[in-house]
Amino acid sequence: MALLTMILRKMVKNCWLQLNLWLGLTVCVALFSSMPLYSHAILQRTLLKELQLQQQTTNLYTGMMRISTSVSTKLENKSTKISQADRYMSGIPQRFGLDSHIVLAEKYSRSFKVYASDASEQEKKKITHVSIGAISEPNQYFRLIDGRMPDPKRNDGVYEALVSQQFMLSLKRDLDVEFLGEIGNSEQKIRIVPVGIIDSKPDPYSEFKLVQSGKMFYIDYGQFGRDIINGGKIGVSNLQYRFALDYGQMNIDRIPTYIRESNRVVNYMNSLGVTGFKFNALETMATYEQKKEQLNVILWSLYSPVILMLAFYLYMSANLIIDKQKIEISVLRSRGASRLQIMVGYTAEGLLLGLTALAAGPFVGLYFTKILGASSGFLEFVNRASLQVALNSSAYKIGAIAVAGSLILMLLPAFIATRVSIVNHKQQMAHGNKLSFWHKTFLDIILVGVAVYMLNSFQGRMGDLRKLALQSDSLRTDPLLFLMPALFVLGGGLLVLRIYPWFIRLIYWMGRRFWPPALYSTLVQISRSSGQYLTIMVFLIMTVAIGLFSANAARTINGNMEDKIRYETGADMVLEINWENDAPPPMMGAPAQPAVKDSDDQSPAESKRVQYTEPPFLPMTKLSGVESAARVFGTDKAFINVAGGDSGTSLIGIDTYEFGQTTWMRGGLLNHPINAYLNLIASDHKAVLISRSIADQLHVKEGDRIGVKWSGLDETGFIVYGIIDYWPGWNPLPQSGGSANSEEAKVALPKLVVGHLSYIQNNLALEPYKIWFKLKDGATSKQVYDELAQKKIQVVSLSDTNQELIKSQNDPFRLAINGVMTLGFVISMLISFFGYLLFWILTLSGRTLQYGVLRAIGISFSQIVGMLVSEQILTSGAAILIGVLIGNTVSDLFVPLFEMSFNPSEQVPPFQIIHQLSDYLQLYGTVAFMLTIGLAILGIRLSRIKIHQALKLGEE
């Protein structure tokens, strides 16, 4: 109890120091606990969105489950087994843990011969095989067209039934006419009377549709069970169950349960016969375990720089507090206190802070998660539906691990301090500046070397990946690669600070004759006690550099994703409308045949080319919201003829002026602006642009003549006016013909010819083209959709850049990157502010005597403030400048790591680093605010120092 009282008194005495440490601990716990919360919430949102999208795409309810099974003729105790199956299937919603909109059971008998009771002998010879069926909820799925519903209480041996209209017509009788059914060789007849004609009701859930051509008598469900199943009159042929499970209640944590229960259902029903199983949501859910693992790896990788910075902050805070208490610790050691006793006290203090941080941290993490969910881009927030987040055991478990790790970091300085007696401590103070542990062990050089080695290894493997045109999953990504930027920042900062004291001494030496007293004193102080500032300078360097890296990485990923979508589409919207043609309609039941065969040995009838009628283009330019429109023809089946040799190529036909007004192209991809190339070929209808691959492989240069054709056409001549490397909508990257392990992997470079559309139509063929749109500012795609529908323009295909961008922004991995990068940047700035104040307030408190002496010997307050400002500039200011330089360097070196998030064989335009001025302004503004507030606080504390109080502290 006495120990606890002493700890509490010491914590109250240093309450603001403990508050800083507690804040760091709480942020650390919040950050760790937010990881499982965010991963779960973002995957949950994505799962529901994908399930909704699946329903919109297929027009089938995603939660629909259908289980059907045949009943084997060799099955023993059929009625018992069927009753057991009914009970088993009725428990499916409970086993899946989901509510069900519908539960539908269907049962069908074996087929048998049937004829009307008044049938002639000739009619009896015409065999009509029918079945008896029953469904559990007929009123919900049947719509009565004529007649009435069957009476299940009829007890004269006649079954009243419902039939479809088409079946009723095939029977050639009216309602209420009795039919007789013959079962095998049995003399016993089944008597059936159709009393109602039905059709299926529209149902959004079950997918149940009445088969109009099916020859089926539907009787009461209970009657079917009593007489067909239990009575054994006919025999059951098939069982079918339908469930419309509420997929809005699906939870990604229960995905293994859904898959396991689905397998159990199939295995159970296989015991009755051949089973068919369909669960619409199953295919989407099956990929989520892998997505969850990938997202967790990405989150840990993205969090790692922030975690390293937080660890450094905790260590720095604990070290500063222990530095202030070293005399107290050394006195206790000199008076007989053991190291264990001292460590027990600090452990209790750390546990008290850690437990309170663990109590508050997960709730802060919950708030962090909501911030992450609102992030649509780096430092961009939208008013989207909030993430469904709830605290769970995982958040507290990982928070407890964070507290344990933080406790070790906090106790490490205390453990080191307990090794020093009061004599040793005074000796260390007398020795003054000495080389830090980091520099003694050359940890700075080691960290930079490891990071550079990993970077070179990565670049080599990425080069092979591009060269062989492999998919991104051909190269296994090491999560440690994402930790390398933080290690490089730490190592680079330490390396610069190894040299920095010599730079200060150089400045001191160069102006030692004319420096003013304030600056002179500061230069002497920094050059002689550089180790004192090492911790805060490294911390500020890491904060600024990691903040810049996060900003540049997020901007680069977002920018390259959006550029890829815009480049691939080529314009804001691209659509193809229906062209009238003379192609013969496809034969019934046969797939449509291509209009033109690729082979030349065709019969005249087969080789006849389809003639198209071009629809009017002018109305497309008048659509509301459309700023400009362009006709763009493209085919991948063309051939280029150079010096008698043919080679496959893509051919694009355009109207140069309209194309230049409509298309999107990122700057820097071509040697000249794209409009310069369009102006180059505009004057000559035979002029074309060719790809670099044609120029290199076929040795074609500007001014050469080439021939172009495609199957069934005569060759037409063109003149090469220019050579291009990229073109909107065209992928110039090599396409692989092998694999990563194939030594003879053949990599083909795509080829492209760009010419005038009118010349191609007049000299080659008139075939359907696509229409590219550029929308007006503020216009939406919906305006174009609505007007196309209003004018009844038949659209064959449509690509919408804005919709693709929205879909990309909702991708779970992009959401994770934007959210974590934003959070990392905010936390970096927040922790930097806390760390800055903590260090300088402690430093100022330790110099109370020094400032008192300076005031006593005549140094004015303004000069002392000048000393403080110059010290801030040469330490904190220099650290921030070094952090900016290292941040830009590490961005240029390591942001390309995120190219692994893309498919290198499809990443067009090429991956480029994006720096945005607003991020730098935000960073500089935050830093300026931090320095201003810090200096103001330090100035106020400095002004309150009383000379007599300072001199009473002792002599220097």
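## Helix packing in a predicted model

Helix 30 and helix 31 pack at an angle of about 155°, with their axes 11 Å apart, where axes are lines fitted to C-alpha atoms, for helices over the stretch in contact, and angles run from 0 to 180 degrees between N-to-C directions. That makes helix 30 roughly antiparallel to helix 31, since angles over 145 degrees count as roughly antiparallel, under 35 as roughly parallel, 65 to 115 as roughly perpendicular and the rest as oblique. This is a predicted model, in which local features need pLDDT of at least 70 and side-chain atom pairs count only at pLDDT 80 or more, while totals for chains, interfaces and linings use all residues. Residues are numbered from 1 along each chain as its sequence is written, and side-chain values use heavy atoms, with hydrogens and water left out.

**The whole chain**

- The chain has 32 helices and 26 strands, and these are DSSP runs numbered from the N terminus (helices are H or I with at least four residues, strands are E with at least two).
- Of the 956 residues of the chain, 49% count as buried, a term that means under 20% relative accessible area, whereas exposed means over 50% and partly exposed lies in between (1.4 Å probe, protein chains only).
- Among contacts between residues at least 6 apart in sequence, 82% join residues at least 24 apart, and contact here means heavy atoms within 4.5 Å.

- Helix 31 covers residues 917-943, and its 27 residues reach 38 Å from the first C-alpha to the last, close to the 39 Å expected at 1.5 Å a residue; the expected span is 1.5 Å times one less than the number of residues.
- The buried residues of helix 31 include Tyr920, Val927, Met930, Leu938, Gly939 and Leu942.
- The crossing of helix 30 and helix 31 is right-handed, a word used if the near helix is turned clockwise from the far one by less than a right angle, with left-handed used if it is turned anticlockwise.
- Helix 30 brings residues including Phe861, Leu868 and Ile880 to this contact, and helix 31 brings residues including Tyr920, Val927, Met930, Leu938, Gly939 and Leu942.
- By class, the contact of helix 30 with helix 31 has 14 nonpolar, five polar and no charged residues; Ala, Val, Leu, Ile, Met, Phe, Trp, Tyr, Cys and Pro count as nonpolar, Asp, Glu, Lys and Arg as charged, and the others, Gly among them, as polar.

- Among the residues that make the contact are Leu497 and Tyr500 of helix 17, and Leu874, Thr875 and Ala878 of helix 30.
- Met537 has its place in helix 19 (residues 530-569) and counts as buried, at 4% relative accessibility.
- Leaving aside its neighbours within four places in sequence, Met537 is in contact with Leu497, Tyr500, Leu874, Thr875, Ala878 and Ala879.
- Met537 and Ala879 are 342 residues apart in sequence and 5.1 Å apart in space, C-alpha to C-alpha.

**Two loop residues with positive phi**

- Asp176, in the loop between helix 7 (165-171) and strand 7 (179-182), has a positive phi of about 70° although it is not a glycine, and Asp176 is exposed, with a relative accessible area of 53%.
- Lys792, in the loop between helix 26 (781-790) and strand 26 (795-800), has a positive phi near 55°, and Lys792 is exposed, with a relative accessible area of 76%.
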